Amino acid sequence: MTTADNALPTPLLNETPPDDAAVKAASAGLRAVLAEVSTVVLGQESLCREVVLGLFAGGNVLIEGAPGLGKTLLVRTLADVVDVTASRIQFTPDLMPADITGTQVLMRDAEGRSTLEFRPGPLFANLVLADEINRATPKTQSALLEAMQEHSVTVAGGRHILEEPFCVIATQNNIEMEGTYPLPEAQLDRFLLKVIVGSPTLEVLRAIGVSTTGDKTAKAKRVMDKPTLRSVQRLVRQIVVAPHVADAAAKLTMATHPGQPGSPERVTRYVRFGASPRAMQALLLAGRASALIAGRAWVGIEDLVAVAAPVFRHRMILGFDATLDGITTDGLIKSVIETVS
Amino acid sequence: MNVTTALARWSRASNRRRALEVATRGIPWLAAAGAATWAALDYGGTVAGGITGGGAFVALVVGGVLSMRRVWRVPASMAKAVDHEQGTADLLQSALAIETRGPSADEPLETVVVAQARARVPKLEANAVAPIRLRLSGVGAAAAVAAAAVTLLVAATEHGSQQAIAAPVAPHDEVTIVDEQMLKELQAAAEAIANDLRASPEARAEAKKAAEALKRAAEATTAGSAMAEMSKASRALDAAARKMAADRMPSAEGMAAMSLPQLAEELARATAESDAERLASLAREAMRRASMSPEEAAALGAALEKAAAAQAQKQKDAAAQSGQDGPKGENGQQLTKEQQEEMMRRLQKLGAAGERMKAGDNVDAEQALRALQKLMRDQPKGGSPADQRQQQAEDARRRMAQMQAGQRAMMNGASPSDARAQAMRAGSMGQQMAGQQGDQRGQGMQPGQGQGSQPGNGQTPGQGQGTPGNGQMPGQGQTPGNGQMPGNGQAGQMGNGQTPGSGQVQSGNPPSQQIGAGQPRPDQIGVISGHGSAGTSGMSSHTPHAAGTPSAFSAEQVSAPAAVTPEGAVRAIAELSAGEHVPTGFERVRDHYEAIAESAIRRDDIPLTRRELIQRYFTVLRNHETEAPQ
């Protein structure tokens, strides 16, 4: 395994308590990963930042966008940059749970004895790309639940631990809904972030066209190895959260619930169910990662505001009135932030 | 440098600067409060000044406290403000929290945060506390201008007041009585009442008090003492007038204690004096006695005949004694020949009433007494001696009030001539008012005239073509009324007026008309004839108390062709109007529609994403339905 010289901060590998230098080194490493991914995935800085943020926060990321916007490219590039094992699962309606978790096969040894041996599925990788996850049946989707939350897979009564770091990055197409199975709320809640991929601008589109259709295609360099990635993930959880920041996170989460004190009138009118306590955990975790990217050892309220939309987006269940009135979750989250801040 | 210490120092500095700013902004308001207090002291006295000054002080203190609360800084809020203004991303707030509780061993990065904050403090210090900004707001400037304006106004007014105080005041107490001639006339009038032996002792005593007070007023040396005596005289005259008014009407106890000859004699005297009100009271008592037994009626009738004859003889003797001057009335007034003949006719009618009573015909006797009262009431008012005495007392009261008004005006600085003119104006106005009241009283005393099939209810008698009034005084109509006195009707039947009906009402004088169409219930009070208390406005006698309720309402009926098979809301309205509507259970309707929608989802070419929308629609309906009672 090779590592990039400029992105492997040695303080991170030490077992000593982290200090200011470790924070700075981790921040530099994160920015290097971001910069490297952005050289391949053009014009999607926000998308790249949130996916990297999800990866280093140790969560799963759901990417929603139209086909051809670079979702799969992003995941593949990220796997290259951080030097982790990656697998890709194309979800289809006939995909079965065993196809992703793995199955036991009958093996015959040299002496002719038959034994059942577990053959791991594509879930056994550090970075799993679940492409078009909403095309699989709910049964198959549910097979991901344990892996996403517990980082383990149970097959035929045997529990198999997934190797860390483990991150599921799922994509779904929001315009081709024919023959799809929308993800259940329980599964949606297990995604740390839901990222919306927007269309590129004219300049970005031109650059994409030129750079990807020539003789030479951009290739991302590996700037971080797996142990460093694990160190940074641990450091993220050590970023300081002051009481007033925790209070703000709790208030933001509470304000997404209809009828709660401090929730905007629009939330009461349009939201059926607000974000869960897991959402507040996700908010703080993503906020810590955001602070680390910024090179800070503490979380500010601005970090919470920056990650509030991808954290709450898939956790707020809107009512029928919102559908009729064309109200989006992002608009409601904006109201929540304005009200609380 | 310790973050907590630095923040505390910055907070104190900020609070000092903000306090200076608030105090500066309060200066115009302080000036306005001072000016307002000065003005209140100058115009309203100490109490008003104290209230204004106290209120202004409280308002200033409260305003200052509220302003300071908005900008008051403690270390936590100072950290928040500095973080916000200098873009340190909550560094100071986090460091303050960590320093306050001490770094945790489990959180190694807390030390890093505190160290970074302490390193940033010297750089932040320069701009941590906002500089002093002494700015005058628009409202404050307006307050300053208002304070200046009020100060100038008060100063100018004080200057004028001092000039006014310095001007000499002309004495105006040289004359003590505004109109000595009127005072003498009033004294004479009071003495006349006091010496009138026909007045009650109480009335005469009050009149005597008034005369003595007026005498003292004439001898007073100052206008003030004269005014005080006039007030006493006025009160005594009022009391005398009230006593005389009360004396006119015999009390029920007094009448009950009279023997039959005394009652007859009183009736004869009231007839001779043409005192209709007194005659009415005595006649009620006489009829009550006559209705007790035939013997009592016969005795009373005989006494009445005798008393009438004796009174007539007395009048004749008086006429003979007076010689060529002719007879005089009870008050010594010279009677004309016509008046003398009229008095004799009244006494004859009284004798005739006694004769009928003696014969046992009480109804005829009662009608004769009513006719006698009517005859007396039709005479011009003020003709009776009692009326004249009453009028004399009322005149004295009115002139006394006029005199007091003039005296008061003179004491307030008017010249004696002006005061007299003012008293004259007040007197003329009082006379006018008294005249109006007199007219109204006369109108009220007049019996009402009306047409109605229900009896009236009034203190004065009703007179109608239908059923007469039901009042304290007898009614007059085609059928008698049901009152304290019996009605005097042409049909001679006692009516109780309980028969409902409709009729046209004319009542009171000035006449008015009230159309009362309808069918009153039998227990309703009937149409009023001559309703109204004596002396009050004639308008009150116009009020019909039973205009009645219309028996039927007429309305235009519109018919429109109905739809052959109305549906939906139209059908519901049609069924409701016919009283046949049975509400359809919403649940059944929803289930029906949901089944149709589900089948359409499967059958028709509806996109999958829209199918979910339709299903959610019915899910929403189901939720609402469970909340609402069916």
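Guide: A residue counts as buried under 20% relative accessible area, as exposed over 50%, and as partly exposed in between. The structure to which these words are applied here is a predicted model.

Visitor: Is A:Ala156 buried or exposed?
Guide: A:Ala156 lies in the loop between strand E6 (152-155) and E7 of chain A, and its phi is positive, about 55°, although the residue is not a glycine. Its relative accessibility is 62%, and the limit for this class is over 50%. A:Ala156 therefore counts as exposed.

Visitor: And A:Asp83, is that residue buried or exposed?
Guide: A:Asp83 is found in the loop between H4 and strand E2 (86-90) of chain A, and, though not a glycine, it has a positive phi near 55°. Most residues other than glycine have a negative phi. With a relative accessible area of 12%, A:Asp83 is buried.

Visitor: Which two residues of chain A does a cis peptide bond join?
Guide: Most peptide bonds are trans. In the loop between strand E7 (158-161) and strand E8 (167-172) of chain A, where A:Pro165 is found, there is a bond with an omega of about -5°. This cis bond joins A:Glu164 and A:Pro165.

Visitor: Taking chain A as a whole, what share of its residues counts as buried?
Guide: Chain A has 15 helices and 11 strands. Among its contacts with a separation of 6 or more, 76% come from residues 24 or more positions apart. Of the 341 residues of chain A, the share that counts as buried is 52%.

Visitor: How many residues apart in sequence are the parts that A:Lys219 and A:Asp80 tie together?
Guide: A:Lys219 forms a salt bridge with A:Asp80, and their closest N and O atoms are 3.9 Å apart. A:Lys219 lies in the loop between helix H8 (202-212) and helix H9 (226-236) of chain A, while A:Asp80 lies in helix H4 (residues 71-82) of that chain, so the parts tied together are apart in sequence by 139 residues.

Visitor: In which helix do B:Glu206 and B:Lys209 both lie?
Guide: These two residues form a salt bridge, with their closest N and O atoms 3.7 Å apart. Residues three or four places apart in an α-helix point the same way, because such a helix has 3.6 residues a turn. B:Glu206 and B:Lys209 are 3 residues apart, about one turn, and both lie in helix H7 (residues 201-218) of chain B.

Visitor: How far apart are the end C-alpha atoms of helix H13 of chain B?
Guide: Helix H13 covers residues 337-358, and at 1.5 Å a residue its 22 residues should span 32 Å. Its buried residues include B:Met343, B:Leu347, B:Leu350 and B:Met357, and the helix is followed by B:Gly360, whose phi is positive, near 90°.

Visitor: Which residues of chain B lose the most area to chain A?
Guide: In the interface, 21 residues of chain B are in contact with 28 residues of chain A. The area buried between the two chains is about 2,000 Å², of which carbon and sulfur atoms give 67%. Together accounting for 27% of what the side of chain B buries, the residues that lose the most are B:Ala89, B:Leu109 and B:Arg616.

Visitor: Which elements of chain B give two or more residues to the side that touches chain A?
Guide: Across this interface the rule finds 0 salt bridges, and it finds 4 residue pairs in polar contact. The elements asked for are helix H3 (91-101), helix H4 (108-128) and helix H19 (608-627) of chain B.

Terms used. Residues numbered from 1 in each chain as written. Chains lettered and ligands numbered in written order. Predicted model: local features only at pLDDT ≥ 70, side-chain atom pairs only at ≥ 80, totals over all residues. Heavy atoms only, no water. Helix = DSSP H or I, 4+ residues; strand = E, 2+ residues; numbered from the N terminus. Expected span 1.5 Å × (residues − 1). Buried < 20%, exposed > 50% of the residue type's maximum accessible area, 1.4 Å probe, protein only. Contact = heavy atoms within 4.5 Å. Buried area = accessible area lost by both parts, 1.4 Å probe. Salt bridge = Lys/Arg side-chain N within 4 Å of Asp/Glu carboxyl O. Polar contact = N/O pair within 3.5 Å; in protein donor to acceptor, adjacent residues only side chain to side chain.
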